[in-house]
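This report concerns the structure shown below. Please keep the sequence and the 3D view at hand while reading.

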Amino acid sequence: MIQPPETIRVSKSRVSCDGSGDIPAALGHPRVFLEIDEHGYVDCGYCDRRFVLIGGVADNGAAAAQPDIASGASL
């Protein structure tokens, strides 16, 4: 399994991703809103960035070994 390029710990179950970070937002991807479900994490379908809910079931350092979950993505 390929590791996700970046894991971000968040405090809310609804997050947005535009692919920016160290790059300008204009060079990223369209902004998408993601919902973290009972798995405790969600992956961006564009950039594979993984968002892990702080205190959730995946917030134990082992989230990188979990399969991709992008089903919470919405435009």
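The sections that follow treat a sheet, a nonpolar core and one aspartate of this predicted model.

## The three-stranded sheet

Three strands form an open sheet in the order β1-β5-β4, and their pairing is mixed.

Strand β5 covers residues 50-53 and pairs with β1 in the parallel sense over four bridges. Within this pairing, valine 10 has leucine 53 of β5 as its bridge partner.

## The nonpolar core

The largest nonpolar core consists of nine residues: Val10, Val15, Cys17, Val32, Leu34, Ile36, Val42, Cys44 and Phe51. At least two residues of this core come from each of β2 (14-17) and β3 (32-35). In soluble globular proteins, nonpolar side chains tend to be buried together.

## Aspartate 18

Aspartate 18 lies in the loop between β2 and β3. Its relative accessible area is 15%; because buried means under 20%, aspartate 18 counts as buried.

Two polar contacts involve the side chain of this residue. One, of 2.6 Å, is made with the side chain of serine 20; another, of 3.4 Å, joins aspartate 18 to the side chain of arginine 31. When neighbours within four places in sequence are left aside, aspartate 18 is in contact with Ala25, Gly28, His29, Pro30 and Arg31.

Conventions:
Residues are numbered from 1 along each chain as its sequence is written. This is a predicted model: local features need pLDDT of at least 70, side-chain atom pairs count only at pLDDT 80 or more; totals for chains, interfaces and linings use all residues. Side-chain values use heavy atoms; hydrogens and water are left out. Two strands pair if DSSP finds at least two bridges between them. A nonpolar core is a set of buried Ala, Val, Leu, Ile, Met, Phe, Trp, Tyr and Cys residues joined through side-chain atoms within 4.5 Å. Buried means under 20% relative accessible area, exposed over 50%, partly exposed in between (1.4 Å probe, protein chains only). A polar contact is a pair of N or O atoms within 3.5 Å; within protein, one must be able to donate a hydrogen and the other to accept it, and residues adjacent in sequence count only if both atoms are side-chain atoms. Contact means heavy atoms within 4.5 Å.
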